[in-house]
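Dear colleague,

I am handing over the structure below, together with some notes on what turned up in it. Please read the notes alongside the coordinates and the sequence.

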Amino acid sequence: TVMLSHNAPGQWNDGLIFQDETYNPQGALLGKSFVQWEQGDYDSPRPSRIETTDERGQQSGKEFSYGPRFNQVTETREYGYGYVFGGANTLLRQTVNQYLNDLNYTDPQPAQPGVWHHIFNLVTLTDVYDGAGVRLSRSEYSYDQFKGTAGLMDTPGLYFNNSPYTNPYYNLYNLDSRGNVTTIKHYADAAELDENTAAVEIRHYDIAGNVRKVETGCCMQTT
């Protein structure tokens, strides 16, 4: 295996691997990947595209688009063999994400500016399309619907500062912003988005973030 990295002391991309190659014992190339890096939010590196070449020299590609904050991947485009960046490539699949950009999760709390949950990656909706733009699937996600002592099970004997049962500042610090996925909905009919045929899973948690009960359908529960 041969790896190549950027040699740019003091720069944001210093040390980032941009290409790796794998060979068999006879020296024949088995595979190669190339990563194009860009500078994103918080001046952090993120990939803008990945090119993959197989043992037959066939190259495919994947390109990424990001939202304005938090380096959230809003769109992924996957291209088939013959991929050339900027060319007339064959789009195979497109994935589009939306995120929960609620200030209670992403920014300092107004009442306590020193409290910042830093939860930036909560996907609320994912659509997958084929190369012709036909939607193949949709999944939706909801978070932290069951709050406080009414919604979170206690774990007696566990010392936990984020507990609504013991922390008097729980509501002041908005500690219900945990990032627990509580409802997952998958549409069986991705074209029409028929609610009646959608599969819905509801999750209940304890104060330590453990799933304690799952509702997977009508009258079905797992604890």
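On the surface, Val 2, Leu 4, Tyr 23 and Leu 29 form a nonpolar patch that has about 280 Å² of accessible area together. Such patches are made of residues with over 30% relative accessible area and no salt bridge, with nonpolar side chains (Val, Leu, Ile, Met, Phe, Trp, Tyr) joined within 5 Å and like charges within 9 Å; the areas come from the Shrake-Rupley method with a 1.4 Å probe, and for residues only the protein chains shown count as cover. Val 2 lies in strand E1 (residues 2-5), strands being DSSP runs of at least two residues, numbered from the N terminus. Val 2 is partly exposed, at a relative accessible area of 35%, where buried means under 20%, exposed over 50% and partly exposed in between (1.4 Å probe, protein chains only).

Please keep in mind that this is a predicted model, in which local features need pLDDT of at least 70 and side-chain atom pairs count only at pLDDT 80 or more, while totals for chains, interfaces and linings use all residues. Residues are numbered from 1 along each chain as its sequence is written, and side-chain values use heavy atoms, with hydrogens and water left out.

Not counting residues up to four places away in sequence, Tyr 105 touches several residues, among them Leu 122, Tyr 143, His 117 and Asp 176, contact meaning heavy atoms within 4.5 Å.

His 204, found in strand E11 (residues 199-205), counts as buried at 14% relative accessibility. The side chain of His 204 is joined to that of Glu 215 by a polar contact of 2.6 Å, that is, a pair of N or O atoms within 3.5 Å, of which, within protein, one must be able to donate a hydrogen and the other to accept it, residues adjacent in sequence counting only if both atoms are side-chain atoms.

The structure holds twelve salt bridges, each a side-chain nitrogen of Lys or Arg within 4 Å of a carboxyl oxygen of Asp or Glu. One of them pairs Glu 75 with Arg 77 (2.7 Å, N to O), where Glu 75 is partly exposed at 21% and Arg 77 is buried at 15%.

Best regards

Terms used. Helix = DSSP H or I, 4+ residues; strand = E, 2+ residues; numbered from the N terminus.
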